[in-house]
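Trainee: I am new to this structure. Could you take one part of it and go through it closely, then link it to the rest?

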Amino acid sequence: MAKVKLPDGSTLEVDNSLTGKQLAEQIGPGLAKSAIAAKINGQLKDLSAPIFLDGLEEAEIQIITPKDREGLELMRHSCAHIMAEAICSIWPGTRLVYGPTVYDGFYYDIDLDEPIRPTDFEKIEQKMAEIVKADTPFVRKEMSREEALNKLKDDKYKTDNINRADSDSISFYSHSDCFEDLCRGPHVPSTGKIVAFKVMSVAGAYWHGDATQKMLQRVYGTAWANKKDLEEYLNRIEEAKKRDHRVLGKQLDLFSFNEAGPGFAFMHAKGMVIWNAIIDFWRSVHNKYGYEEIRTPIILNESLWHKSGHWDHYKENMYFTTIDEVEYAVKPMNCPGGCLVYNTRKHSYREFPKRVAELGLVHRHEASGVMHGLFRVRQFTQDDAHIFCTPEQIEPEIISVIELVFEIYKAFGFKDFHIELSTKPENHIGSDEIWEIATNALKAALIHKGIDFKINEGDGAFYGPKIDFHIEDCLKRSWQLGTIQLDFSMPERFGLVYTDKDNTEKAPVMIHRAILGSFERFIGILIEHYAANFPLWLAPEQVRVLPISEKTNDYAKTIESKLKDANLRFSCDLSDEKINSKIVKAYNDKVPYMLVIGPREAESGTVNVRIRGLKENQTIEIDKFLEMINSKIADKIIDLAF
RNA sequence: GCCGAUGUGGCUCAACGGUAGAGCACGGCUUUCGUAAAGCCGGGGUUGUGGGUUCAAUUCCCACCAUCGGCUCCA
């Protein structure tokens, strides 16, 4: 006899030849029915596998069902196999490469010359349904690495997978006579356990993500514990589409793109209101934190970019032009210009830390296939700054930047973020020694501030290591915004110096930093985060006046002049539509407050306020309303209710 | 840049080898209305661009451009 310990802390005396499946049956028929795998001493195993191996007599065990995150993933992995069989049976020439799970689903990379099209998905799903209906068991077979290599010697993809496998024992899974796949497992007991799935999309993907390798076809699918979860997932995708900043940007007249300039955004009047609101706030905070602001040219002589190292390390992403037979480059970064400004006069250690901000318009030639609304453009405005300081000032300066970052993110309603530290890339300038000093300085600041961070080896900028700030939006998607980069190379290349206490000239340390990253991208993120229901202080139109009929148009005029005096952004709907129609229009425009006014309000000097997102409306004196709304704007309150 | 898909009035979409239709938006008229879309009338498209096949192309084919979904890259 042996002992198992269950997740609730209880223990059971059981036979030591017991499998997970049998254990589930002993615990209860309901569990046995929904069980898809067993977690034995922390390791996921097939339900058919024996619990006690190597003479062990005790095990901690958890029966996994599709309700567990791990169970769901396992199900998706099994579903990937089922989809692979379906594809192989429809296109017999298919060669399978790799089929892992991803967040919300799975994919299978295949090598097949004939392109699979979205119109084929139904056919694949039908075939999958047949396989599921047959409810055949997943069967595991193990063999040595050598045997496996021999078995698959003609299959370069699977041979490669075997060579990459950790274990010397290689396993295969089959769930029917005509399908077998190399796989570590585990899998659900039988194909019938997969109840809710869908083939989602197909796209190209390089083998091993390497652009020099063959382009494979990646077929994406999803699977859920039940039909309802699948429906909810599909609805969620629909909802996310409605938040798409490209859709909302067009709908709300915020910005546009045109074939005349792919990757170059046109900001419309309403988009610029948001833009300027952000800048006003940004300036005031930077002022508080002791920054000065400069502005440097967009086009500068090519020789400058040779000097900075951009020519050697960033040329592919730069635009060039010729003026009077002299070669120029369009700036992809602001730092060289900033260095030229620094060098226009002598500097003393007494000025340090010298914090110089620049809302710099940069151009980067992005590959045509990567452009994506405002998230990925070829021209964008960085909220850049360069801090010149002494080596001793590095740490307090970095800490001060981190505090500034947090203050700004909080104002926009972003509370969840994480930090990553990126180290020396292959393509870099400066000695290893300098890189180490710089990297350690960043690390020390994070550690002293007690901030958790993740390390990205080899992801730094070519001139220095960096700390990146990633925020999470309301849909739990992560976006990189801010960055702090430590640079010892640029000051040297540009011969930057300051006079130290001992009257000698030394090279300053240069800290590059951006907080919102790119205004364009940041506005895109705000649109999606708020579904364009902007906080009052950012909303392009804060208030709309809706007279019931033209009888109250005169009263509307007096309300309008009060709104104007209060410095609010508003409009008045004087159309001869009915009030219902006016409400719908204002609703679609996502205006925070609608002021409905009729004879009743005109008589009492009040307005009837409809608050965005709330069903009820309330009548309030216009002066009280103005007072309330102005205090919300001043304090950047996100909640509109009062 | 690579793979695949898509491209029809301002927007969303329909249709078709015989030169295009709806809703919304827009303009005019009627209506003046109390909390999520009043009615009528009207204007607007050489169907992304350039070639080719055909008696005939918006529809079929090719190239290019742009967009979308991914890959690689990235603020």
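Mentor: Start with two helices, α13 and α14, whose crossing is right-handed. A crossing gets that name if the near helix is turned clockwise from the far one by less than a right angle, and is left-handed if anticlockwise. The model is predicted, with local features needing pLDDT of at least 70 and side-chain atom pairs counting only at pLDDT 80 or more, while totals for chains, interfaces and linings use all residues. Residues are numbered from 1 along each chain as its sequence is written, chains are lettered from A and ligands numbered from 1 in the order in which they are written, and side-chain values use heavy atoms, leaving out hydrogens and water. Helices (H or I, at least four residues) and strands (E, at least two) are DSSP runs, numbered from the N terminus.

Two packed helices are described by the angle between their axes and the distance between the axes. For α13 and α14 (residues 432-448), the angle is about 60 degrees and the axes are 9 Å apart. That makes α13 oblique to α14. The axes are lines fitted to C-alpha atoms, for helices over the stretch in contact, and angles run from 0 to 180 degrees between N-to-C directions. Under 35 degrees counts as roughly parallel, over 145 as roughly antiparallel, 65 to 115 as roughly perpendicular, and the rest as oblique.

On the α13 side, Ile394, Glu395, Ile398, Ile399 and Ile402 meet Ala441, Leu442, Ala444, Ala445, Leu446 and His448 of α14. Contact here means heavy atoms within 4.5 Å. By class, the residues of this contact are 9 nonpolar, 1 polar and 1 charged. Nonpolar covers Ala, Val, Leu, Ile, Met, Phe, Trp, Tyr, Cys and Pro; charged covers Asp, Glu, Lys and Arg; the others, Gly among them, are polar.

Helix α13 (residues 394-411) also packs with α9 (residues 269-288): their axes come within 11 Å and cross at roughly 150 degrees. The two are therefore roughly antiparallel. This crossing, too, is right-handed. Here α13 uses Leu404, Glu407, Ile408 and Ala411, and α9 brings Phe281, Trp282, Val285, His286 and Lys288. The contact of α9 with α13 holds 6 nonpolar, 1 polar and 2 charged residues.

Another pair of helices can be read in the same terms. Helix α3 (residues 69-90) packs with α4 (residues 121-134) at about 115 degrees, with the axes 9 Å apart, and the crossing of α3 and α4 is right-handed. Among the residues of α3 in this contact are Cys79, Ile82 and Met83, and those of α4 include Lys123, Ile124 and Lys127. The classes of the contact of α3 with α4 are 10 nonpolar, 1 polar and 3 charged.

Now the RNA. Of the 53 residues around RNA strand B, those that come nearest are Tyr206, Arg376, Lys551, Asp576 and Tyr587. A residue is near the strand if one of its heavy atoms lies within 4 Å of it. The residues of this surface divide into 21 nonpolar, 14 polar and 18 charged. Helix α18 gives the largest share, 6 residues.

Some side chains reach the bases. A polar side-chain atom of Arg376 lies 2.3 Å from a base oxygen of RNA strand B.

Last, the backbone. Most residues other than glycine have a negative phi, and most peptide bonds are trans. Gly185 and Pro186 are joined by a cis peptide bond, with omega about -10 degrees, and Pro186 lies in the loop between β11 (179-182) and β12. Asp253 has a positive phi of about 60 degrees although it is not a glycine.

Key. Polar contact = N/O pair within 3.5 Å; in protein donor to acceptor, adjacent residues only side chain to side chain.
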